[in-house]
Amino acid sequence: MRKTDGGGRAGGVPGRTGMGERDVVLSVLANVSIGLLTSVLGGCLVWLWERGKHTRTLNRKGAFFGVRPGGTCLIVLGNKHDAPGAAHHRDVRATVELAMLAGELGCTVTVESDDFRGSNGDHTEFCVGGPLGGANARTAGHLSAHLPGVTFHPYGPEGDDSVAIEVAGQRYRFDPGNQSYAVVAKFTPQGFRRPIILVCGQSAVANQAAIHFLRREYAQVAARLATVERYCVLIKVSGITTYDYHRAEFVGDVTGAAFGDG
């Protein structure tokens, strides 16, 4: 006969079956813990990667526009044509677009009129408005001093080169209500600490279109430039009566001709 202990159980290793159940429970708990830890680590890595991607995108956008995250942007707003002291509503909208850009980069904004003089200090300057008709006197000064290869033809009779932009012998004509061009240039004058972004179109809608387009398509444009430290590009907006400022496109890089290089 098999010996039994006082409790009547057969002899052998006491509690062997109980220990096996605990091992199973512990194994399940360990697997669950490892799964949870793996999920948490995976989520953290995805979050860090997305955060890094977002940071890289902002840095590239900041580099294109010459804006330092956390810095200050100075917007010099021009006048409505032949209406000193009154800004065109489209230039006001363009200013809102720039304020949104600054907000994306964590920057503050200060706005001045075109009679602002002197250096932009440690602020990246956005100078908005064409040089004709007293629209933006500071634009006219920037063009004269730094972009000798860009000419804005004066207003004239319908059908000629009125308001045409000329660069390297090529004339980009203004078709009121249908098609308009804007010059967008970035440069840092000698002795200045921060760059100037010049946005000067043949019309206020061209100014707005250029800023709206570049906010979205800066990477596409940057890929076509030799450097984003200094550039001059042409933006065209067409089908204005149908699409307003939304149908804008990159025309070309005219950096060399505009700055008189070579």
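Visitor: What covers the buried residues of α3?

Guide: First, a word on the source. This is a predicted model, in which local features need pLDDT of at least 70 and side-chain atom pairs count only at pLDDT 80 or more, while totals for chains, interfaces and linings use all residues. Residues are numbered from 1 along each chain as its sequence is written, and side-chain values use heavy atoms, with hydrogens and water left out. Helices (H or I, at least four residues) and strands (E, at least two) are DSSP runs, numbered from the N terminus. Buried means under 20% relative accessible area, exposed over 50%, and partly exposed in between (1.4 Å probe, protein chains only). Contact means heavy atoms within 4.5 Å. The cover over the buried residues of α3 includes β1 (72–77), β3 (124–128), β4 (150–152), β7 (179–187) and β8 (196–201).

Visitor: Which residues of α3 are buried, and why do they line one face of the helix?

Guide: An α-helix has 3.6 residues a turn, so residues three or four places apart point the same way. In α3 (residues 137–146), the buried residues are R138, T139, H142 and L143. Down the axis of α3 they fall within an arc of 140 degrees (taken from the directions from the helix axis to the C-beta atoms), so they line one face. The exposed residues S144 and A145 are on the face turned away from that buried side.

Visitor: Which residue caps the N-terminal end of α3?

Guide: N136 does so, with a side-chain oxygen 3.0 Å from the backbone nitrogen of R138.

Visitor: How should I read the pairing of strands, and which strands does β7 pair with?

Guide: Strands of a sheet pair through backbone hydrogen bonds, either parallel or antiparallel. Two strands count as paired if DSSP finds at least two bridges between them. β7 pairs in the antiparallel sense with β9 (residues 231–238) over 8 bridges and with β8 over 6 bridges. K186 has Y231 in β9 as its bridge partner, and V184 stands opposite V199 in β8. Of the 9 residues in β7, 8 are buried.

Visitor: In what order do the strands of the open sheet run?

Guide: The order of its 3 strands is β4-β5-β6, with antiparallel pairing. The edge strands, β4 and β6 (170–172), each pair on one side only. Between β4 and β5 (residues 165–167) there are 3 bridges, and T151 has E166 in β5 as its bridge partner.

Visitor: Which residues touch the most other members of the largest nonpolar core?

Guide: In soluble globular proteins, nonpolar side chains tend to be buried together. A nonpolar core is a set of buried Ala, Val, Leu, Ile, Met, Phe, Trp, Tyr and Cys residues joined through side-chain atoms within 4.5 Å. In the largest one, of 37 residues, they are F64, F126 and I235. Helix α4 (residues 204–222) gives the most to this core, with 9 residues. Apart from it lies another core of 25 residues, including F116 and F187.

Visitor: Where does S203 lie, and is S203 buried or exposed?

Guide: S203 is in the loop between β8 and α4 and is buried, with a relative accessible area of 15%. Its side chain is joined to that of S180 by a polar contact of 3.0 Å. Such a contact is a pair of N or O atoms within 3.5 Å; within protein, one must be able to donate a hydrogen and the other to accept it, and residues adjacent in sequence count only if both atoms are side-chain atoms.
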